[in-house]
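Here is a short tour of the aromatic side chains in this structure. Have a look at the rings first, then read on for who pairs with whom.

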Amino acid sequence: MSSGGYEYEDGLQSSIDGGISYDPSFVPDPVKSFVVHLYRHIREKNVYEIHQMYETSFHTLSDRMFKDTPWPSVEAVAQYVDNDHVFCLLYREMWYRHLYARLSPTLKQRIDSWDNYCSLFQVVLHGVVNMQLPNQWLWDMVDEFVYQFQSFCQYRAKMKSKTEQEIALLRQHDQAWNVYGVLNFLQALMEKSSIIQILQQEKEGLEQFTATDGYDYSGGSNVLKVLGYFSMVGLLRVHCLLGDYQTGLKCLLPIDISQQGVYTSVIGSHITTIYHYGFANLMLRRYVEAIREFNKILVYIFKTKQYHQKSPQYEQILKKNEQMYALLTICLSLCPQVKLVDENVNAQLREKYGEKMSRMQRYDDESFALYDELFSYACPKFITPSAPSYDEPLVNYNQDAYRLQLKLFLYEVKQQQQLSVVRTFLKVYSTISLEKLASYMEVDEPTLRTILMTYKHKTHSVGADGKTISNADIDFYIDSDLIHVVESKTPKLYGDYFLRQIVKLEAVIGDMDRVKLE
């Protein structure tokens, strides 16, 4: 494995790129100042200052001093923070996150990072944590925890390039990043925090969690509660990576995503939640629900992305934005419900994928290639969570889970092939006999009945509450060999239309006022 030149153990000095030396025990003055002040603010529960240092100072120092080297080791900075055990765990969590972002971690470092998360979450679950931390940091902890699990599974699945020492280390630490361990920690944080009961009591007006963004203004700690809350999003993401979409959506049920919530207080959390929620609904054929949520988040990003340009998450926001446009293109090609999409989103969609969308409606080999291309670009990085068999010939299996999900998705697309033809005819007629439609489609009546049953099946799905929901903009029923077509019409939102025209008129008047008449 390429490890960016690093191979250190127990804080020993390492050689980087064959020349420059990295000394993990050397702590520059700005770092001393950073850890001392951060430690003090955490002890004082000064969330505003912690957030500023975490979001701004840490990234500024990383860019200036640690672009291609890790931060000083935790052993080196511990003396400046009274050897505080919990602070050292938090520092190490940031240390590994920086390592993953800037460099390539070794197998030993991946295992050590797992051990650090275990220690940190054990303290939160079983210790007395008397701190308030910013939501951004608590979200990043859960987000990074799932990311490192995904990264480890992908790394372990590339067996061909492993050395004997790496294979021995993998055998020895077979519990590191074990899928059950990851799921158990997220589940334990969710249960121990009683977050489901808290959210239920909030609906009844007995609790204030969302109103305070999860912070505790009475001097308590927000750490367990907010970690438990974000763990529900973490569980959705893990189950999507495993291809278990039903379970993932069940884990998210306590959060009402039709409302503002703590998950919307951090943009990374907001986007991750809706991306995985929308993707899971797409794979379960709940296209209307996926379109609605993708549309809402894309409108939100369209309106707010300029405020995040200096954020460390900006590139990730843009990437997920592009992926969700690709997923929305897939949804609208399989379920043409453009009326659910905002004007601005629709304009962006036409610009990015207008030509591809028209080609995807044809259901020929070229259209399947486009479905394949968009799915492969926009889907999560699926994982195989099981360890390899070390006694058999070593093979790379890191693409197996992705190939399986792609195969299932394209199989679904192929099944929809005849439906677009049926839909075209149903749009033209309000009533048509089975005999006439069969002749138009050049099939016999029994085959047509099968196609119509398939249409019914494929345009309906089971919702999270167990009820059948329709994805069809055109439905029908058959009475005495006559097909009666029912076209759903959404009420026109005249208010929105007039407001848009007023805004345009005001812009024109503003432009005219600026023109100097001679």
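Ring pairs join Trp-114, Tyr-117, Phe-121, Phe-145, Trp-177 and Phe-185 into a cluster; rings of Phe, Tyr and Trp (its six-membered ring) pair if their centres lie within 6.5 Å, with planes under 30 degrees apart counting as stacked, over 60 as edge-to-face and the rest as tilted. This is a predicted model, where local features need pLDDT of at least 70, side-chain atom pairs count only at pLDDT 80 or more, and totals for chains, interfaces and linings use all residues. Residues are numbered from 1 along each chain as its sequence is written, and side-chain values use heavy atoms, leaving out hydrogens and water.

**Ring pairs**
- Searching the whole structure gives 32 aromatic pairs.
- Trp-71 and Tyr-91 are edge-to-face, because their ring centres are 6.4 Å apart and their planes stand at 70 degrees.
- Trp-71 sits in the loop between α2 (47-65) and α3 (74-77) and Tyr-91 in helix α4 (residues 85-102), so this pair ties together parts 20 residues apart in sequence; helices here are DSSP runs (H or I, at least four residues), numbered from the N terminus.
- Phe-145 and Phe-185 are also edge-to-face, with centres 6.4 Å apart and planes at 80 degrees.
- Phe-145 belongs to helix α6 (residues 135-156) and Phe-185 to helix α8 (residues 179-192), so the pair ties together parts 40 residues apart in sequence.

**Burial**
- Trp-71 counts as buried at 1% relative accessibility, where buried means under 20% relative accessible area (1.4 Å probe, protein chains only).
- Tyr-91 is buried too, at 3%.
- Phe-145 and Phe-185 are both buried.

Definitions and conventions:
Helices (H or I, at least four residues) and strands (E, at least two) are DSSP runs, numbered from the N terminus. Buried means under 20% relative accessible area, exposed over 50%, partly exposed in between (1.4 Å probe, protein chains only).
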